[in-house]
Each structure stands twice: as C-alpha cells, then as structure tokens.
Amino acid sequence: MSPLSWFRLPALLLLALLAYVLPVPGSGMAGLGGQGSAPPADLSAEPQPSAVQVPLPTLPQETLRLFERSRSAVVRLGSLDPGSMAMGLGTGFFISPQGQLLTAYHVVSEGRLFQVQTLAGQRYPARLVAFDAAADVALLQVDAKGPFPYLNLSPRPPQVGEAVLAIGNSGGDFLQPREGQLLRLEAASGRADFPQGTLEMNARLAPGDSGGPIINGLGQVIGVVSYIRVDEAGNTETSYAVPTVEGNALITALKDGQQRDRGVVGLVFDLYHDGLTEPPGGVVSRVARGSPAEKAGLRGATRDERTGQLQGFGDIIISVQGVRTRNAGEVVRELQRFGVGETVTVRYLRGGQEREAQLRLVPKRSMPDL
C-alpha cells in the first residue's frame, strides 16, 4: 500500500490509537501505555462527508447554539506510520485562523502522516509541530491556505461545577456533542503513564473523542480530552482533560515549537503477573529491539514457538535508582522521574539471582518497537 493511499480508506478503519482508557479498580482491564481497544468496525461503511446529515441529539437550546457555533472549528484527525502501518483516529481543533491544531499527543504519537477532515468534508494534510508527551498534548499545522474557523483558549482556569461541552468522533459519530459538568480540578489518574493534574468531568466520552476540545459556556476551550475511566461493562464513568489556559507554560512551549518526548528504556511489562512474584516486582514481558534495555542485556519472557504459551518469566525489576519497585506501575513512575539522556540504575532478578544494569533513557519516538 502506498503511504498516501490510506487517506482514501474509510475512516472507521483507523481505530488503533483512539483514547487512553483507565479501568476502575477490579475491572480486570490492563494495558500499560493506556490505549483502549475499539469495538469492531463496520468495514463496509463509508464516513459521512459532512456531519450535517447526522441527526443531532436533544440538547438545551443554549448548549445547542454553543455546539453549532463551535463545531466547524473541530476536525476528525487520522494518523499513520507507513513503516508499521499503525493507524490512529481521534479529534482535534483549530486554535488559529492559520491552521494551528491542538489534539492529544497519544492520538498522533505513533504517526508520521496526518490528515484532518473538516465539518464541510474537506481533507487536508497536517504535520506535527510540537508536543509534550507527559502532558499528552500536541500541536499540528495544517498545510492549506486559511483562514480556518478556530476556538479561543480560556484566559482563566476553570471552576468546579461549570457546564462543559465536548465535540468529538467517538462511536463512529462525526463531530457530535457530549455535555457534562466539571467535577474536579487537579485530578490524579492513579497511573504513572497518564497525565496528572487533569480536569475530571462526567461527560460520557469514549475512544475517538481523544484530542477534542472541552468548551465552557463562553465558547472557550478549557481542556483537551485525554483519557476516560470505565466500569467493568466498559461504560464511561468519568472523563479527563488536560487543562489549557491561554499563555500558560504548556501552551507557550507548544507555540514555540518545543518537542518534549517521554524518556523510555524499552521495557514492556507482563501485567497478568504484575507484582505477583516473590519478591514482587515489575515482570518484563518483552524488550524492544534496539533499546537501551536490549543493549544492557535485559530479557523478556520465553514462550513456546509453536503455541506462544508462556514458558518462563522475563527479568523482574525490583528497584530503579535505589527506589524499591513492587510492580510495573512503580517502575514506570520511577523511570519517568528522569528525562531523555539521563542514566538510571535498575536492579533486577533473573533465575533468583540479583543483577544490575545502567540504562540511558531515549525518546519514545525513537523506539518504533514499543
């Protein structure tokens, strides 16, 4: 397939990197890295060229007017890595008439080619300009002549209790509204690999809404949709957005073109046996090819070549830079205290023997095998 031919595929095929999904305790869902799985797509369905043909949900008149004013500034955003053919689909929104576009970083983190589709059905290529992986926000530039309709970022922090409106592409919908209320500020995700200090809402968001705007009653953007919390049935309980205030450090860095990647060492963890070993630690499932961990000699699990069944555990990480780690989450949290280029000491168990390795963190985007 040509790297550009993916733009002609039905948009519902782009379901690889849709949204962070945070399970409630006891849900049985696990996934270090946060990508949620999407429901099976109807591969015969072509996307609507314009959402005008889709019936709007029943909304209060004031909310409906806000939605109609804001909708044209929001887009469906697709991404593709031509090498791995990893695809993603999410939401983005213009923040300038010149075509600057905000979205969630995880929507585009594995992509190299990007395309936006507007309310009017027009499709434009875009390029990644800046990002902050820890904050899960990215800035893209649409390569087309404007002016584009755009949304203003709020000049002030939001307040608990505010009514909020989200516009996104979840469930195969095209630029549809989800309303709710702001429940909490500075919410902690409980997961080291998710952004912290987020806005918690009761808006019923879902994969596909990631990267979309959270809009206050004045039509200003107060946040970018990042992840959701689901119950055991997979229903959304609460949703979370990264706060965006015009002129704050995050927005200023993005507009300055800064690219702040997350430092990684190339470890993928076994979450089924996480913390269950004796002594407990982060059980390595796989070591990324060409990673610092591979170069240092760390090993993942061994499996039967024919059946794929687990035959032996990989290395068990028991400390990072002298801090005891009892599960994969603690390993990730400690590693993320260090930046790209820094070196950390990890201690691990292999066959009951304690060993040590020095690992230099590298940018995640440089590790296509993760």
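**Salt bridges, a helix and a strand**

Q: Starting with Asp-143, is that residue buried, exposed or partly exposed?
A: Asp-143 counts as partly exposed, at 40% relative accessibility. Here buried means under 20% relative accessible area, exposed means over 50%, and partly exposed is what lies in between, using a 1.4 Å probe and protein chains only.

Q: Before we go on, what sort of model is this?
A: This is a predicted model, in which local features need pLDDT of at least 70 and side-chain atom pairs count only at pLDDT 80 or more, while totals for chains, interfaces and linings use all residues. Residues are numbered from 1 along each chain as its sequence is written, and side-chain values use heavy atoms, with hydrogens and water left out.

Q: OK, which side chain does Asp-143 meet in a salt bridge?
A: The side chain of Asp-143 meets that of Arg-127, at 2.9 Å from N to O. A salt bridge here is a side-chain nitrogen of Lys or Arg within 4 Å of a carboxyl oxygen of Asp or Glu.

Q: And where do Arg-127 and Asp-143 lie?
A: Arg-127 is in strand β6 (residues 123–132) and Asp-143 is in the loop between β7 (137–142) and β8 (163–168), so the pair ties together parts that are 16 residues apart in sequence. Strands (E, at least two residues) and helices (H or I, at least four) are DSSP runs, numbered from the N terminus.

Q: How many salt bridges turn up in the whole structure?
A: A search of the whole structure finds 13. One of them joins Arg-260 to Asp-132, with the closest N and O atoms 3.6 Å apart. Arg-260 lies in strand β14 (residues 259–260) and Asp-132 in strand β6, so this pair ties together parts that are 128 residues apart in sequence. Arg-260 is partly exposed at 38%, whereas Asp-132 is buried at 11%.

Q: Which residues are linked in a network of salt bridges?
A: Arg-286, Arg-289 and Asp-369 are linked in such a network. Within it, the side chains of Arg-289 and Asp-369 meet at 3.2 Å, N to O. Arg-289 sits in the loop between β17 (282–287) and α4 (292–295), and Asp-369 in the segment after β24 (362–363), 80 residues apart.

Q: New topic: how many residues of helix α5 are buried?
A: In helix α5 (residues 328–335), 6 of the 8 residues are buried, so the helix is largely enclosed by the rest of the structure. The buried ones are Ala-328, Glu-330, Val-331, Val-332, Glu-334 and Leu-335.

Q: What do those buried residues of α5 pack against?
A: They pack against β16 (267–269), β17, β20 (316–320), β21 (323–324) and β22 (343–350), where contact means heavy atoms within 4.5 Å.

Q: Now strand β3, how many of its residues are buried?
A: Strand β3 (residues 86–94) is mostly covered, with 9 of its 9 residues buried. In a regular strand the side chains alternate between the two faces of the sheet. Both faces of β3 are covered, with residues including Ala-86 and Phe-94 on one side and Met-87 and Phe-93 on the other.

Q: Which strands pair with β3 in the antiparallel sense?
A: Strand β2 (residues 74–81) pairs with β3 over 8 bridges, and strand β4 (residues 100–103) pairs with β3 over 3 bridges; two strands pair if DSSP finds at least two bridges between them.
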